[in-house]
Amino acid sequence: MIKFCKIIVAAAICIYSTLPVNAGQRTQIASTLGCIKTIFPGVPVLSGIHTGKLPTHILVRRCDDLTMAISMRNGVLRSTAVQNRFIPKYTTRGKGLAIPDARLTISPKNIREAWLTRPNQRYDHAILGDNIEAGGLAVVLANKQRLETFADKNSVFEDRMARLVDLDGDGESEIVVVQTDIDHGAAIAVFSVRGEEIVKLAQSNPIGLSHRWLNPAVAADFNGDGIIELAWVETPHIGGILKIARLSGSGIKRKLEIIAELKGFSNHTIGSRELMQAVTFDWDKDGLNDIILPGANRRNIKVVSLADSQIKVIDQIPIDGEITGPLIAADLDENGTGEVLLVTKDSRLLTFSP
Ligand SMILES: [Ca+2]
Ligand SMILES: [Ca+2]
Ligand SMILES: [Ca+2]
Ligand SMILES: [Ca+2]
């Protein structure tokens, strides 16, 4: 039995319907909540990248601009209006020299805030909605010290945010950002703070051609070896390749070592400012985080496992509509299993669980 709830203004109308009860059949736990403009990534991704945390409620903005908190109790979907001041803003207001569409990232570790700076027009790609890219990366440390580093003149940070994630497990954040060489295309760059300096620890090989981009996806231990991996999608608009890499080496001499890759994914629409289209949690309950992201046609969700170090698609869910907004993971019914939430291009909120 599953409940389909349609919430209109303050009144909730819930309709019960029965789904086939085949063993292992996935259930879709929420249907529409009326016209939804977007959902908010929320607290688990203030750092800019999903690492597996599952909140028990999420925020959605309806087409009438009212923001609602969505949760589920005893199988019943609940929505409550939320005041604007409780909505995470991610803006860089008051942060010097930020690029116009910068998103502030936040972490409780050594780096408290990070954002992209030094807007410039030295690269004419406009894949993220405008031809202004960043030439600098700034952070504020726990001791309130502000540091900045710069991309060399033949490159830009072709990104909106500097993701804060501890890739080597030493308790301090690394900074993950897309750095694009004007002649050779995008690469993943990993920085860290050493003393009073931001230093580059590693950079992946650039794609090889100008005007080729990639989008970071998620970070977690996907193969169970105790080491966090970073996943991204190379060329998400033209047959994207999911790449999974680990940060190897020590000190400031590190390498991003690609340990698996697979074609057929997309976590960005050309010209969109939306970068958060992948989540991670243990979909198949084998104890390992899986990667959940849109397929190349953006009309399905694929679930990728790296169990036994073999990369494979373990589930595929057709979506009735095109995925243009963020993908969010939550555990709304608090049963220990994640749900994936997304808003389609035609403003419907869909929720999927394994
Ligand atoms: Ca670290
Ligand atoms: Ca691992
Ligand atoms: Ca798994
Ligand atoms: Ca759940």
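Let's start with a pair of strands: β4 (residues 58-62) and β5 (residues 67-73) run antiparallel and are joined by four bridges. Within this pairing, Ile58 has Ile70 of β5 as its bridge partner. The coordinates come from a predicted model.

The two strands belong to an open sheet of four strands, ordered β3-β4-β5-β6, with antiparallel pairing. At the edges stand β3 and β6 (76-81); each has a single partner strand, so one side of each is left without a neighbour in the sheet. On average, neighbouring strands of this sheet are turned by 30° against each other, direction ignored.

## A buried leucine in a loop

Leu33 sits in the loop between β2 (11-17) and β3 (36-40). Is Leu33 buried or exposed? Leu33 is buried: 21 other C-beta atoms lie within 10 Å, and the cut-off for a buried residue is 20 or more. Leu33 and Val60 are 27 residues apart along the chain, and their C-alpha atoms are separated by 9.5 Å.

## The whole chain

Stepping back, the chain has 26 strands and zero helices. Its radius of gyration is 20 Å, close to the 20 Å that the globule rule gives for 354 residues, so the chain is as compact as a globular protein of that length. The C-alpha trace spans about 60 × 45 × 35 Å along its principal axes.

Of the 354 residues, 42% are buried. Among the contacts with a separation of 6 or more, 53% are between residues 24 or more positions apart.

## The nonpolar core

The largest nonpolar core counts 92 residues, and those touching the most other members are Leu116, Leu137, Ile175, Val190 and Ile291. Which strand gives the most to this core? The answer is β14 (residues 185-194), with seven residues.

Leaving aside residues up to four places away in sequence, Ile291 touches Ala217, Val218, Phe222, Ala231, Leu242, Ala278, Thr280 and Val304.

Now for β25 (residues 339-344) and its partners. Five of the six residues of β25 are buried, so this strand is largely enclosed by the rest of the structure. β25 pairs with β24 (residues 323-330) in the antiparallel sense over five bridges, and Ala329 has Val340 of β25 as its bridge partner.

β25 also pairs with β26 (residues 349-352), again in the antiparallel sense, over four bridges. Here Leu342 stands opposite Leu350 of β26. The hairpin of β25 and β26 has four residues between the strands, and Ser347 takes a positive phi near 70°.

The average pLDDT of the chain is 89, and 91% of the residues score at least 70. Which residues call for care? Over residues 1-25, pLDDT stays under 50, and the model has 29 contacts beyond four places in sequence for this stretch. Where pLDDT is low, the predicted coordinates should not be read in detail.

Definitions and conventions: Residues are numbered from 1 along each chain as its sequence is written. Chains are lettered from A and ligands numbered from 1 in the order in which they are written. This is a predicted model: local features need pLDDT of at least 70, side-chain atom pairs count only at pLDDT 80 or more; totals for chains, interfaces and linings use all residues. pLDDT is the predictor's confidence in each residue, from 0 to 100. Two residues are in contact if their C-beta atoms, placed from the backbone, lie within 7 Å. The radius of gyration is taken over C-alpha atoms; the globule rule is 2.2 Å times the number of residues to the power 0.38. A residue is buried if 20 or more other C-beta atoms lie within 10 Å of its own, exposed if 12 or fewer, and partly exposed in between; C-beta atoms are placed from the backbone. Two strands pair if DSSP finds at least two bridges between them. Axes are lines fitted to C-alpha atoms, for helices over the stretch in contact, and angles run from 0 to 180 degrees between N-to-C directions. A nonpolar core is a set of buried Ala, Val, Leu, Ile, Met, Phe, Trp, Tyr and Cys residues joined through C-beta atoms within 7 Å.
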